[in-house]
Amino acid sequence: AASDVYKRQAGNSLESIDLFDVYTGDQLGEGLKSLAYAVTFRAEDKTLTSEDSEAIRKRIVDAAAKLGAQLRA
């Protein structure tokens, strides 16, 4: 599942990942859907910086792209 791939990319810094919206409609095109996740990162040994969070987010987005997903603006 996609969320398993995302969990692996976030590693130990992932506190939670929750799918909160699934949209299918004509705007997306046939056979496509839009998934929205709420993701929380936390490190036990330090305070994550914005750079840390951005690096984790980028790994997740890159992994999603390999699955054929696109980041929605």
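Student: How many salt bridges does the count come to?

Tutor: Side chains of opposite charge can pair when their charged atoms come close. The rule requires a side-chain nitrogen of Lys or Arg within 4 Å of a carboxyl oxygen of Asp or Glu, and by it the count comes to four salt bridges. This is a predicted model, in which local features need pLDDT of at least 70, side-chain atom pairs count only at pLDDT 80 or more, and totals for chains, interfaces and linings use all residues. Residues are numbered from 1 along each chain as its sequence is written, and side-chain values use heavy atoms, with hydrogens and water left out.

Student: Which residue forms a salt bridge with Arg42?

Tutor: The partner is Glu15, with the closest N and O atoms 2.3 Å apart. Because Glu15 belongs to strand β1 (residues 14-23) and Arg42 to the loop between β2 (34-41) and α2 (50-66), the pair ties together parts 27 residues apart in sequence. Helices (H or I, at least four residues) and strands (E, at least two) are DSSP runs, numbered from the N terminus. Glu15 has a relative accessible area of 44% and is partly exposed; that class lies between buried, under 20%, and exposed, over 50% (1.4 Å probe, protein chains only).

Student: Where do Asp62 and Lys58 lie?

Tutor: Both are in helix α2, four residues apart, which is about one turn of the helix. Asp62 is partly exposed at 35% relative accessibility, and Lys58 is partly exposed at 46%. Another salt bridge joins Lys46 and Asp52, at 3.2 Å from N to O. Here Lys46 is partly exposed at 45%, as is Asp52 at 22%.

Student: Which residues make up the largest nonpolar core?

Tutor: In soluble globular proteins, nonpolar side chains tend to be buried together. A nonpolar core is a set of buried Ala, Val, Leu, Ile, Met, Phe, Trp, Tyr and Cys residues joined through side-chain atoms within 4.5 Å. The largest has nine residues: Val5, Tyr6, Ala10, Leu14, Ile17, Ile56, Ile60, Ala63 and Ala64. Two or more residues come from each of α1 (2-10), β1 and α2, and the largest share, four residues, is that of α2. Leaving out residues up to four places away in sequence, Ala63 touches Val5 and Gln9, where contact means heavy atoms within 4.5 Å.

Student: How many aromatic pairs does the count give?

Tutor: Rings of Phe, Tyr and Trp (its six-membered ring) pair if their centres lie within 6.5 Å; planes under 30 degrees apart are stacked, over 60 edge-to-face, and the rest tilted. The count comes to one aromatic pair. The ring centres of Tyr6 and Tyr37 are 5.5 Å apart and the planes are at 90°, so the pair is edge-to-face. It links distant parts of the chain, with Tyr6 in helix α1 and Tyr37 in strand β2, 31 residues apart. Tyr6 is buried at 8% relative accessible area, whereas Tyr37 is partly exposed at 25%.

Student: Is Ser34 buried or exposed?

Tutor: Ser34, in strand β2, counts as buried at 8% relative accessibility. Apart from neighbours within four places in sequence, Ser34 is in contact with Asp21, Val22, Tyr23, Leu28 and Arg72.
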